[in-house]
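Hi everyone, and thanks for coming. Let me put the structure on the screen, and then we can walk through it together.

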Amino acid sequence: MTAFLGPFLRHRLFWPVVILVGLLLLNLVFTDNFFHVEMKDDHLYGSLIDIFRFGAPLILVSLGMTLVIATSGIDLSVGSVVAISGALACLQISDLGNQNSVGGVLSAVGVALLLSLVLGAWNGLLVAGVGIQPIIATLILMVAGRGLAQLITQGQIITINSSPYKLIGGGYWLTVPFGIIIVIAVLALTAFLTRRLALGLLIESVGGNAEASRLAGIGSRAVIITVYTFCALCAGIAGLMISSNVSSADGNNAGLWIELDAILAVVIGGTPLSGGRFSLGGTVLGALIIQTLTTTIYSIGVPPQTTLLFKALVVTIVCLLQSPAFRAKVFHRRRRPAGAPPVAEEKVRVSA
Amino acid sequence: MTTLTVPGRVRVPRKYVPVLVTAGLFLAMFAAGGIRYEGFATGQIILNVFIDNAFLLVVAVGMTFVILTGGIDLSVGSVVALSTMVAATLLKHGWSPWPVMLIVLLIGAVLGLGMGAIIHYFEIQPFIVTLAGMFLARGLCFTIDTESIPIDNSTFTAFAQTRIDLGGDMWISPSVVIAVVVVIAAAYVLHYTRFGRNVYATGGSEQSALLMGLPVARTKIGVYTISGFCSALGGLLLSFYMLSGYGLHAVGMELDAIAAVVIGGTLLTGGSGFLLGTVLGVLVLGLIQTIISFEGTLSSWWTRIFIGLLLFVFILLQRLFSARSRR
């Protein structure tokens, strides 16, 4: 039995999958028809679809964050970028004569995403060009970005009424919520770029040792700037989704603490904060765990104010289970066959 | 090349340069404010900065310890909120104030101790552990109550309303006295005790500290305990200031504390920095808010933008200095 389960138990994503399945089963006990997905008015409905739909912005942000963390960096500014991009798009749409004109909405979206790219490149330049620690470099934009978003909205909440814009976060296309389609497209593109082309390898080598990669002829700086720009782009798209879903932009609260959720999702998904390797599938899994947790809390009738308490609990459990030190101390490495593969050499620990 | 000649032809050890830059900036801001606004250049303005930021000062002191070891504590803001909440709830149930304060401080220290132990023994990154701690403390706040709880205990209101006259129309609140005592005690611990040296050594290189036989475990767990204790004390000072307990108090305070520490010249990689710098960092942040309120026409969000800009300038300066000293 143990020999049969061994490979599964040792798989990096074993514990996250167990937690996710556990959460889903818990829902099944409390909610009838939890796994039921049905068609209504040509739209897919169901709790599982909702988890995907509401989790879409988090998955997007986490995808970008994964690549940044794989280069042993971190991006704290995604929450601010979410707010800025939503605010800018809504501001432009509210200035349109006809808020339903597709061209106007497209140009607003384009400008918002362009600004996100610029902000990401700024982060990347600070990290790769000036050589500032990622956590501080992005702290600058995290602090100042909230101010910028409020500056754009003039401290107000901009409400808009634009059906093309509404499609991004709240609409349906081919019976599927449009947000899910965006996520799948970005995920497929990212997976292709990093797993089919050499980019993923370059990112991992920069994360393993930036200086060594540079000496080996890899353009570390370009790679780092690229991942921060990509991360900000993902955050920008997520910002559009969030503001489109509620048809308004709130510079103060949009995307608040999403950077923390995203980092959690990445860590739960088995990407170490020290960089050097990453798992896109794990990240999606991590983001889904966080979203499912929120849904579960609502559906089993726990008072919503204790959401954070449960989050803390699950995060601690997942991180402890994944910590080699914890497993070594608690399980005493009982299941350790003699011919076990050598443990990957531990990197010099970088405190985040 | 361990000294730097400044225009006054005084040779200053390089390690003091960031603190001196911050001090210079503070004086320049104060002078600029004094020229621009009437009634700005008084001692009371600086004292007001202390009065309005006493809690941040105490929290930032704890954060300095953690950052000096190369760690980070994201939980401080929510521990502050939890402290105000616990204090307000217990007082509402008729507890007498002194045991309440003791319990609050104990809760903060135990939370810090727990996080420190997990960080050290299970080798999980401080960022993640204190993030979970942040969720935990905020969650506990909202579990206690989602509404704001007023405090009308006479001891707490006495702390809030007492004015200690310093002569010349200047006064401070008891909170400032507590904050100053904390700063002095922390400076003593950091610079004159074995524990303080261990903190610097651990931050400089944990591996070397371990090989030298220094008690790395005790030091690392110790700094998080200190940070938790300081956050709880900061929470008490905030409840004196606000006279209420609320789960949404001190949202984002961890960022202010980290910003103060960074502006004060402490390196986030650990091992280098001074407590005086942190005090100056808090003063600079406070002075920005004062100037913006004096300006009147500037909206509150400019505070954030200015703090971001300042962070940028300081980090760039630090980078320049560290790049030059390595050569």
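A word on conventions. This is a predicted model, where local features need pLDDT of at least 70 and side-chain atom pairs count only at pLDDT 80 or more, while totals for chains, interfaces and linings use all residues. Residues are numbered from 1 along each chain as its sequence is written, and chains are lettered from A and ligands numbered from 1 in the order in which they are written.

Chain A averages a pLDDT of 83, and 91% of its residues score at least 70. Please be careful with residues 336-352 of chain A, where pLDDT stays under 50. Where pLDDT is low, the predicted coordinates should not be read in detail.

Now the overall picture. Chain A has 15 helices and six strands; these are DSSP runs, helices being H or I of at least four residues and strands E of at least two, numbered from the N terminus. Its radius of gyration, taken over C-alpha atoms, is 21 Å, close to the 20 Å that the globule rule gives for 352 residues, so chain A is as compact as a globular protein of that length. That rule is 2.2 Å times the number of residues to the power 0.38. Along the principal axes, the C-alpha atoms of chain A fill a box of roughly 75 × 55 × 35 Å.

Of the 352 residues of chain A, 49% count as buried. Buried means 20 or more other C-beta atoms within 10 Å of a residue's own, exposed means 12 or fewer, and partly exposed is in between, with C-beta atoms placed from the backbone.

Why is helix α12 (residues 258-268) of chain A largely enclosed by the rest of the structure? Because 11 of its 11 residues are buried. The cover includes α2, α3, α4, α13 and α14 of chain A, together with α5 of chain B. After α12(A) comes A:Gly270, with a positive phi near 90°.

Finally, over to chain B. B:Met170 sits in strand β5 (residues 170-172) and is partly exposed, with 16 other C-beta atoms within 10 Å. Beyond its neighbours within four places in sequence, B:Met170 is in contact (C-beta atoms, placed from the backbone, within 7 Å) with B:Gly43, B:Gln44 and B:Leu47.

Conventions: pLDDT = per-residue confidence, 0-100. Contact = placed C-beta atoms within 7 Å.
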